[in-house]
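I opened a new notebook page for this structure. My plan is to look up the overall build, then the surface, then the inside.

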Amino acid sequence: MGSILLAILLLAILIVVHELGHFWAARLMGIEVTEFGVGFGPKLFGWKSRKHGTNYVIRAIPLGGYNAFFGDPDRMPEDGKEPAEKPDPDDPRNWANQNVWRRMFVVVMGPMMNFLLAFLLATGYYWIGGIPTAVGVDPYISSVSAAGPAYDAGLKEGDILTEINGVNMLDGTMDTLLTTIGSYQEGQPPLQVTVQRGEETLETELTPEWNADEGRMMVGVMIGGRYRISSEPATLIDAAGASARMCWQAGGMILDALRKLVTTGEGLQDTSGPVGIISIVSSEVRTGGFQAFLELLISISINLGLMNLLPIPGLDGSKLVLGIVEAIRGKPLPEKMENAINTVGVILLLALMVLMTFKDVLKLIG
């Protein structure tokens, strides 16, 4: 339960930081925020700022957030009903009457705050703990086929093969393990395997089998690698540089994965919604503790920032595109057209959210 609460806390931090980006940018631009909300659904509690008149609201479902700007029909306060009095369309405080560049700045600052959060966290992480450098890799079993030599030998996901026939497999490479298995000849005695499973050390026998499709001996497992890390002390400037490189590389990997998802469908089975993310985070936190929590917070923050910049109706990227069109035309798109685009986008996003949640639940109970 504690790890699940930490996972929900992680999502809440990312959401609040994102929405604070919009909020602070609006304040800076002199745009009135009528309500700042964290979560969706029924209101749990809230308070009103005497200085600015903004309502701050905490809601029951901590999987989202919003800023309601004065006169913006797409960002009305989420109380389930419209205000008693609709704002005058000619009121200069209205969102639509603000300069388009100011509105675009408010929109883009949500994702930018997610990038900034990732950069600052990674910088602090490297500055305090040192810059990690991979000095080797230790192989482990990442998955076991339902039928095969490894399954018959009782091997399980997460097992570490420490020795085979008395030879050390943890020499900082994956080559020794793969070569030992691949060079097995049919008719030879079974491999004598020493396995580390948590705090236990186990002994078992393993007989590789020839796989005609692969053209090599296999045991029915997927091998993963855990890097051996050595941390070097870093100055603040060194830590900031390492953080920037890490964020840039992580962003590139996310964009590449998104490109493959759109063009070939690769990775579709691994995509997750909020339920799946909570499950993954809670599982990682259970095994990796605070370090895993911090690393996930950094990577998911970058992911959230990039996803929100996609030009999909309902996301910040779509609002930026509409703002650019407005700046080029010198006037906004017809209100009905813009409302239709936003409505379709929100419906599609909600449908995708329901579908991903259903998929996540099936995966959990399966």
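I took accessible areas from the Shrake-Rupley method with a 1.4 Å probe; for residues, only the protein chains shown count as cover. The model is predicted, so to speak of local features I need pLDDT of at least 70, side-chain atom pairs count only at pLDDT 80 or more, and totals for chains, interfaces and linings use all residues. I number residues from 1 along each chain as its sequence is written, and side-chain values use heavy atoms, with hydrogens and water left out.

**Entry: overall build.** I looked up the surface of the protein: it comes to about 21300 Å², and 62% of that belongs to carbon and sulfur atoms. I found 8 helices and 10 strands. These are DSSP runs numbered from the N terminus: helices (H or I) have at least four residues, strands (E) at least two. Of the 366 residues, 36% are buried. Buried means under 20% relative accessible area, exposed over 50%, and partly exposed in between (1.4 Å probe, protein chains only). I also checked contacts, meaning heavy atoms within 4.5 Å. Among those with a separation of 6 or more, 66% join residues 24 or more positions apart.

Entry: Phenylalanine 40 sits in strand E1 (residues 33-48). Its relative accessibility is 32%, so phenylalanine 40 counts as partly exposed. Asparagine 67 lies in strand E2 (residues 55-69). Is asparagine 67 buried or exposed? I read a relative accessible area of 0%, so asparagine 67 is buried. Its side chain makes a polar contact with the side chain of glutamate 19, at 2.9 Å. For a polar contact I need a pair of N or O atoms within 3.5 Å; within protein, one must be able to donate a hydrogen and the other to accept it, and residues adjacent in sequence count only if both atoms are side-chain atoms.

**Entry: the cores.** A nonpolar core is a set of buried Ala, Val, Leu, Ile, Met, Phe, Trp, Tyr and Cys residues joined through side-chain atoms within 4.5 Å. The largest has 17 residues; among those touching the most other members are Leu155, Leu161 and Leu206. Strand E4 (160-164), helix H4 (175-182) and strand E6 (191-197) each supply at least two residues of this core. E6 gives the most, with 3 residues. A second, separate core of 16 residues includes Phe36, Trp95, Met104 and Val106.

Entry: Most residues other than glycine have a negative phi. Asparagine 165 is not a glycine, yet has a positive phi of about 55 degrees. Asparagine 165 is in the loop between E4 and strand E5 (167-168).
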